[in-house]
Amino acid sequence: MSTLSTTSLSSRPRLYSKTSATHRFKVSCNSNSSTDDSPKLILPMQNNNNNNNNNNVDRRNILLGLGGLYGAANLTNIGSALAYPITAPDNISSCVAATQGITDLGNAVRGTACCPPSSQTTPVPYVLPKFTQLRVRPAAHRLTPEYIKKYQEAIEAMKALPEDDPRSWKQQGKIHCAYCNGGYSQEMNGHPELKIQVHNSSLFFPFHRWYLYFYERILGSLINDPTFGLPYWNWDNPMGMMLPPMLETPYPSPTPPGQPNAKFNPGTESGANCVDQIRTNILAGKVESGVHTAMHIWVGNPRMANNEDMGNFYSAGYDPAFYVHHSNVDRMWQIWKDLDIRNVDPSNNDWLNASYVFYDENKNLVRVYNKDCVDVNKMGYTYEPSRLPWLQSRPIARVKASKVAAKSVGVVKKVEEIKFPVKLDQIV
């Protein structure tokens with residue numbers, strides 16, 4: 001993305017966060033049968049099982065506000081952001097109602113009691129197993145019918161577990177609520193009056209990486225497949241921007257107006273056609289405050305009191321789209337590191353020793369650390385390659401004095417077409 005949002009890893013963390021209000025929209029686009037490697041910026045229609053020619057896309061089939069990692073700032077501009085390593089409590093079953101960021105508590109349909117099942121054990125430090133084969137996380141839009149079936153069987157097996165099983169669908173959904181809506185305090189750091197908040201801070205990427213790691217391993221264990229890899233929603237590629245078909249469920253469309261805008265100003269519409277919108281999406285945005293938040297808003301249900309499920313932290317973990325979305329968010333972190341050897345993770349102890357507590361696939365209570373999640377290969381997985389069209393996209397120039405985005409550079413003239421001398425206030 002234009003910058004791998006160092007709002008997540010470079011600035012003083014905010015103790016509280018509030019989800020933005022959702023907005024409603026629809027998009028229209030022509031279908032196209034091009035393959036993933038097609039250079040055309042055409043968004044394909046999916047699941048068009050009827051014979052009409054209505055190209056309106058369902059509310060959840062969205063063009064996300066994307067952006068390239070072109071010109072990424074590095075992740076080490078963090079300084080002494082944390083002051084101490086944030087430490088989740090040993091007894092994660094003892095937490096308060098997670099009410100932060102929920103505007104209508106009376107209609108919080110998922111509930112604010114987000115503590116996991118009671119455990120009499122103290123979490124033990126988690127030791128990464130030795131892997132003889134890497135799990136491959138595939139692009140969701142390229143899944144085979146066989147893989148989709150395997151994914152669905154794993155989800156069904158998780159949903160079939162008793163609700164008090166820490167591996168169950170409900171308990172996995174509660175994890176995000178507890179860590180993101182004020183369920184836990186910083187009591188282990190001597191500040192019980194402060195809440196743990198993994199968003200808008202340097203905890204964002206590592207916390208979600210560990211969260212998905214155990215979620216993925218639980219799914220694999222439930223279908224006895226240690227090679228199972230969690231698919232990623234390939235929203236940084238025009239062919240993968242649509243909601244993955246395996247996640248779609250039929251429900252009435254609210255028929256909202258307009259298109260989503262990659263600059264994600266709630267309540268405004270871009271007025272762009274699909275091709276122009278995709279080009280805009282590839283040029284604009286950051287990770288956490290950009291595409292991550294935009295996706296949560298646009299997939300959340302505006303007819304629900306708190307934009308459930310995806311539109312609020314407390315309920316996001318109940319939507320399977322959450323996990324495939326964050327799989328690609330995690331992929332962005334890895335891509336950023338692979339682009340340049342200067343792109344390195346923070347090295348201060350406050351960040352390295354920040355820790356969280358999870359249940360693993362065997363229902364063991366474990367404590368994990370940021371320092372142990374910086375290498376995806378050591379964690380036993382990798383990502384199926386996918387084309388990165390945004391690498392060829394130039395960031396939009398900004399007028400320094402006014403700090404207002406300038407117009408896109410458009411087509412850059414060839415040298416022989418330029419009359420010298422020139423004023424060096426644009427790309428030539």
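The torsion about the S-S bond of Cys-114 and Cys-177 is about 65°, so this disulfide is right-handed. A disulfide is here a pair of cysteine sulfur atoms within 2.5 Å, and the sulfur atoms of Cys-114 and Cys-177 lie 1.8 Å apart. The bond links distant parts of the chain, as Cys-114 belongs to the loop between β2 and β3, whereas Cys-177 belongs to helix α2 (residues 169-180), 63 residues apart. Helices (H or I, at least four residues) and strands (E, at least two) are DSSP runs, numbered from the N terminus. Both Cys-114 and Cys-177 are buried, a term that means under 20% relative accessible area, with exposed meaning over 50% and partly exposed in between (1.4 Å probe, protein chains only).

The model is predicted, so that local features need pLDDT of at least 70 and side-chain atom pairs count only at pLDDT 80 or more, while totals for chains, interfaces and linings use all residues. Residues are numbered from 1 along each chain as its sequence is written, and side-chain values use heavy atoms, with hydrogens and water left out.

By the distance rule, the count of disulfides comes to two. The other joins Cys-95 to Cys-115, with a sulfur separation of 2.0 Å. Its torsion about the S-S bond is -125°, and the link of Cys-95 and Cys-115 is left-handed. Cys-95 and Cys-115 both lie in the loop between β2 (56-57) and β3 (124-125), 20 residues apart. Cys-95 is buried, as is Cys-115. When the bonded cysteines of the protein chain are numbered in sequence order, the pairing is 1-3, 2-4.

Two further cysteines were examined. The closest cysteine sulfur to that of Cys-180 is in Cys-177, at 8.3 Å, which is too far for a bond. Cys-180 has 1% relative accessibility and therefore counts as buried. Cys-373 is also buried, its relative accessible area being 0%.

Helix α1 (residues 145-160) and helix α3 (residues 204-222) pack at an angle of about 95°, and their axes are 8 Å apart. This angle makes α1 roughly perpendicular to α3; angles under 35 degrees count as roughly parallel, over 145 as roughly antiparallel, 65 to 115 as roughly perpendicular and the rest as oblique. The axes are lines fitted to C-alpha atoms, for helices over the stretch in contact, and angles run from 0 to 180 degrees between N-to-C directions. On the α1 side, Ala-154, Ile-155, Ala-157 and Met-158 meet Tyr-215, Ile-218, Leu-219 and Leu-222 of α3, contact meaning heavy atoms within 4.5 Å.
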